[in-house]
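Visitor: I am new to this structure. Could you please take me through one part of it closely, beginning with the site that is annotated in the record?

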Amino acid sequence: MAGIHEGPEFGIGDFVLLPELTLNAFMDNLKFRFEKGKIYTYIGEVVVSVNPYKQLDIYNSSYIQEYKDREIYERPPHIFALADNAHKTMKRQSQDTCIVISGESGSGKTEASKIIMRYIAAVTNVSGQKEVERVKDVLIKSNNILEAFGNAKTNRNDNSSRFGKYMDINFDFKGDPIGGHISNYLLEKSRVVYQQDGERNFHSFYQLLSGAQDGMLSDFKLTRDPKKYNFINQGGDPRVASINDKQDFRGVMDAMKATGFTPEEISTSWKLIAAVLHLASYFIYNYGNIEFAGEDQSEISNQEEPTIVSLLLGVTKDNLEKALCSRVIAAGGNVVDKHLNVPEAHYARKAFAKAMYDRLFTWIVGRINDAIDPKQHGRTVGKNTVIGVLDIYGFEIFDNNSFEQFCINYCNEKLQQLFIELVLKQEQEEYMREGIQWQHVDYFNNKVICDLVEVPHHGIFAILDEACLNVGKITDEMYLEAMAKKLGKHDRFTCRQLEPADKTLEHHRDFRIKHYAGDVTYSVVGFIDKNKDTLFMDFKRLLFNSSNSVIKVMWPEGAQSVTETTKRPITAGTSFKNSMISLVENLASKVPFYVRCIKPNEVKSPLLFDETRSRHQVMYLGLLENVRVRRAGFAFRMAYNRFLRRYKMICTKTWPNFHGQDLDGCKAIIDSQGFSSDVKYGKSKIFIRSPQTLFALEQSRGAKIPSIVLFLQKHTRGALTRKRVKRVRAVYLIMHHYKRYKLRSYALACLERFRNAKKMKDYGLSVQWPKPPNSLKSTVELLKRAHARWRAFMILSKIQVNDRPLMRLKVMAGDVLVGKRADWGVKRNWEGNYLASSKDNSNTSDFVSQMNTLKSRDGFTKILFSSYVKKANKFNKTAERGIVITDKLIYKLDIKKKFKPMTKGNSLTEVTGLSVTPGKDQLVIIHLSGGNDLVLCLENPAHEERVGELVGVLTSHMHKILKRDLKVNITKSLNCMLGHKPRTVVVKETAANGGTVFKKEGDGLALFWPTS
């Protein structure tokens, strides 16, 4: 419910629910909500809107979704709720609806109408039809055009609508907009030639000067300085902080193009604006550009400026000068040129400027209507319904109130009368439908004021028309005297002649009407001229004969002949009265919705709430009477089914479900709370008399909600968890089967590719593996390893078992030396223990005997490698020795002493690495952890390559026994440690006769290796 949703910290959202129905209580709630940032409050289904004077983030798409297709009381007060209700009523009931927006100037009426239009555009055309989208775009963008040419800055409002606008939006049976029609009322033409201090002319003049390109202004012979043009500089500084004229000009140009204006039509519109500016600039005072020959005739001395205006209007300069300085009179079949005197020339110039602007504005409205008229575009098939949006001037009380304010205030009287009558009618009809006895409500009926203005023969408009029709010189003073005679007994009318003692009224000038909104004093000066709205036919014929086809269309009556007799045109007052009566009849035929706008202060502050000013508006808008009518004995009513759904939790008989009639369920709830005496039961609704009863029901409901929420949360969470577990189980099951499927598919793909691997020369090494899925990457690595082991098995199966140890050694050596050493003896048969062979050693018995002794002493099992070597010691000397590598120790043998070991032997665990050269030499350095490496050059009678065998033996044994890889360095310059000192060993080639020998070279050693 609107009055409850926001909580007590924001006041009461519906004035109908005020505990105490007084003006003070009303104002306190309105002020409190404004200060809390809540600008909307309901009176039943009426929206009271307070201008916030700042941007609020409450109109975005998320808010639109909150209010779309919701009942008006289901969400906090918002203008979206009213717009949705109007659209929903129109769509569901196939009834025309209207939204009447009222309030004084600056209260936010125009902005409210734009918000409603944007909402309707946002919630329609869900199917995305292009034509519907085009209509929506035109409806929205037409606001930019109408505001440019029909709005102006006043002392109360920077963007005040100076015309009344009623827009009908046509909808098809689906509720989508298919067209529309705009009606405009009483454009304030007098503003074209006169503005009060602090005000501006219409926005269009300043937009042209600020936003048009230099070339356009040059063509129009204009400058950017507004102060040079009298028609737009009378109000003072034309700059307004809240208005960007340059940017707005671009927006208007884009809107005109989008709406369907042709380039010629757009250009002509601005040409007419420029023509009015030139009229103001150059035909201005009774001195300077206008001079007089004699006392009765006026002439234009500056011949350049009429040339500019004539070019802009598409007429000849002579015809323009003639129309400005004379008029044609047809009498008795004769045609006479009558020259105008000074006052008449000024009057004609101003009337011409006002008429041009008024016709331009009317033509613009017509062009927009052409773009959105459903009949012209063939979109009237089937049932069409309408939403009308009325944005019309608010009640105005200025220091100087003239004919325009009189018409505006009369319009507001008519709308207030309609408002009260329709609200009363709606309430009475609802009470009758529900069978509830209607209670009479006292309210002020302003029909007496409307009759004062519009009644035939005796109304103010009738008296004004009579004065305008009289032959002879009739003045405004004479008109005031006529009103004093005929309306002297009316208690709502007075003037100084009727109340001589009232010095607030000026003699022969002022009269006062007691409007429903307050007393307004009007100056009668100009009433007769403005009511006649005289424009000489000379101007109409002038513009009808324009070479510009757009201007020609605006003046169809100019086609009449000079001698043709025409009917006296209807006066401006009567025309406005008739249009208001027609408007009210149109609104009365629709289901009405209301937005009542309040202006909180005069300084446009978002913080200040002027209570006196706001109280006055509340009174003249009749908002308190609206609340009284709405309550009419019952503050609240709701359909039985909705009431039962909302409050069933506070009664044990209805919770959780009630299986009887909705009416019986409502009675059970009311009886359980003890409120039977405060309610009435209609045919489909329950009526609650006092707001306190409703608040008590809401309080009881609020107390139950937390436990219900917990209950629902518990079951919802359980259901969601069970659903989630089922989903997770299903996911894992699917993943399991999917993985099996992918593995099976991958395995089949592998089998297909490796089907003939056994027959291949490389056993499938060159076969490209299929790309595995991510989940099988680890499995595929296992498969690749298995394939590699199988390949190895297949290769080894061709090698004899006795030859496999040798093959292992060569593989280990090849891993280290292939591509790094030119020759490493791979093609040779590796024997290992060469000192036990007579090929190398002629004294094998001594060697074998010595080895058996060492074997029994040190406990090694096998001799892995033995050979003659030349060894370099720490003194840089070369010694012939024998080297034996067993599975545990490395021995250095003195070959001259029957292979006696020179030291105890170095354990293989002391070996940290090997170093060899990339050449053919037999240099090998066995790096030991003790800081004294073995620097050897292998020797054998056959000059065989044995370095590779030594590398293979050591790397294989270290990997097999010690489970680690032996580091092997292969470079031309080898580093080593001798006597705990670092040395560098290089190989140098020498003559063959000297044999291999180590020699000192600098700080290092050099192995001199025979070239052959």
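**The annotated binding site and the aromatic pairs**

Guide: An unreviewed UniProt entry places the feature "binding site" at Gly103, Glu104, Ser105, Gly106, Ser107, Gly108, Lys109 and Thr110 (feature names are shortened, positions follow the numbering used here, and annotations may be inferred rather than shown by experiment). From this set, Ser105, Gly106, Ser107, Gly108, Lys109 and Thr110 belong to the lining of the second largest pocket (an open set of points on a 1 Å grid over the protein atoms alone, where a 1.4 Å probe fits, with protein on both sides within 12 Å along at least five of seven lines; lining residues have an atom within 4 Å of a point).

The model is predicted: local features need pLDDT of at least 70 and side-chain atom pairs pLDDT 80 or more, while totals for chains, interfaces and linings use all residues. Residues are numbered from 1 along each chain as its sequence is written, and side-chain values use heavy atoms, without hydrogens and water.

Two residues of the site show its surroundings. Ser105 sits in the loop between β3 (97-102) and α5 (109-123) (helices, H or I, of at least four residues and strands, E, of at least two are DSSP runs, numbered from the N terminus). Ser105 has a relative accessible area of 4%, so it is buried (under 20%; exposed is over 50%, partly exposed in between, with a 1.4 Å probe and protein chains only). Leaving aside residues up to four places away in sequence, Ser105 touches Thr154, Arg156, Asn157, Ser160, Arg162, Gly394, Phe395, Glu396 and Lys599 (heavy atoms within 4.5 Å). Thr110 lies in helix α5 and, at 12% relative accessibility, is buried too. With the sequence neighbours up to four places away again left out, Thr110 touches Glu147, Asn151, Ser161 and Asp391.

Tyr834 is in the loop between α28 (804-817) and α29 (844-858) and Phe865 in strand β20 (residues 863-872), so the pair ties together parts 31 residues apart in sequence. Tyr834 is buried at 2% relative accessibility, as is Phe865 at 0%. Elsewhere, ring pairs link Phe403, Phe406, Tyr410, Phe461, Tyr479, Phe493, Phe511, Tyr522, Phe527 and Phe576 into a cluster.

How values were computed
Phe/Tyr/Trp six-rings, centres within 6.5 Å; stacked < 30°, edge-to-face > 60°.
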